Amino acid sequence: MTDIRNIVVLTGAGISAESGVPTFRGPDGLWEGHRVEDVATPEAFRRDPDLVLDFYDKRRAALATVEPNAAHTALGRLDAAWEGALLIVTQNVDDLHERGGAGRLLHMHGELKSGWCLYCDRRMPFDGTMRSRPACPSCGEAGRIRPDVVVYPAAGFVQTAKYCGARTLELNLDPSEGSHLFDESRMGPAGELVPAWVEEVLAGR
């Protein structure tokens, strides 16, 4: 581990699931009782904006009921201690990484606590309800704020990393379809694997 200089960490639903945040891969392909296609696509928003806005309003409110777990705080500690380049890229739209102490962070799918005004094209911090059709704080137009969230797969990241010469490590609860693409895979709960890996990395600085 002593030759590591730059670190990119890609996190997904599993790291937040241990904090009680529901994942896309629920029973019968439902996400909190809804098909993903009905609440997380542009077509769904055009078809039934009230359903989509209400869905994300409830998810935003639910953030107050969950806390960062040991995996989030371990990555926050890595961020604070690592002197080299570090970027945590998360597919999650919650704020648990931030609350766990991470600062060098990119939300690739957007954030629950961000709104996007379709009238003036501005993005802004948002912590209220969008279904009530509030006015945009930037332009004053009412009813044009939508969730600043997108859905797009990140499955190709490991191939790109390997092509660029990076060493790759998978920490996952169960083997994934792409496990064979990683240089090493470790299976188990994020709350156990991530802190252990952070200790390993920091010990080898």
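User: In which strand is the place of Leu87?
Analyst: This is a predicted model, in which local features need pLDDT of at least 70, side-chain atom pairs count only at pLDDT 80 or more, and totals for chains, interfaces and linings use all residues. Residues are numbered from 1 along each chain as its sequence is written, and side-chain values use heavy atoms, with hydrogens and water left out. Strands are DSSP runs of E with at least two residues, helices are runs of H or I with at least four, and both are numbered from the N terminus. Leu87 has its place in strand β4.

User: Is Leu87 buried, exposed or partly exposed?
Analyst: Buried means under 20% relative accessible area, exposed over 50%, and partly exposed in between (1.4 Å probe, protein chains only). Because its relative accessibility is 31%, Leu87 counts as partly exposed.

User: How many disulfides does the count come to?
Analyst: A disulfide is a pair of cysteine sulfur atoms within 2.5 Å. For Cys117, the nearest cysteine sulfur is that of Cys120, 3.7 Å away. For Cys139, the nearest is also that of Cys120, at 3.8 Å. By this rule the count of disulfides is zero.
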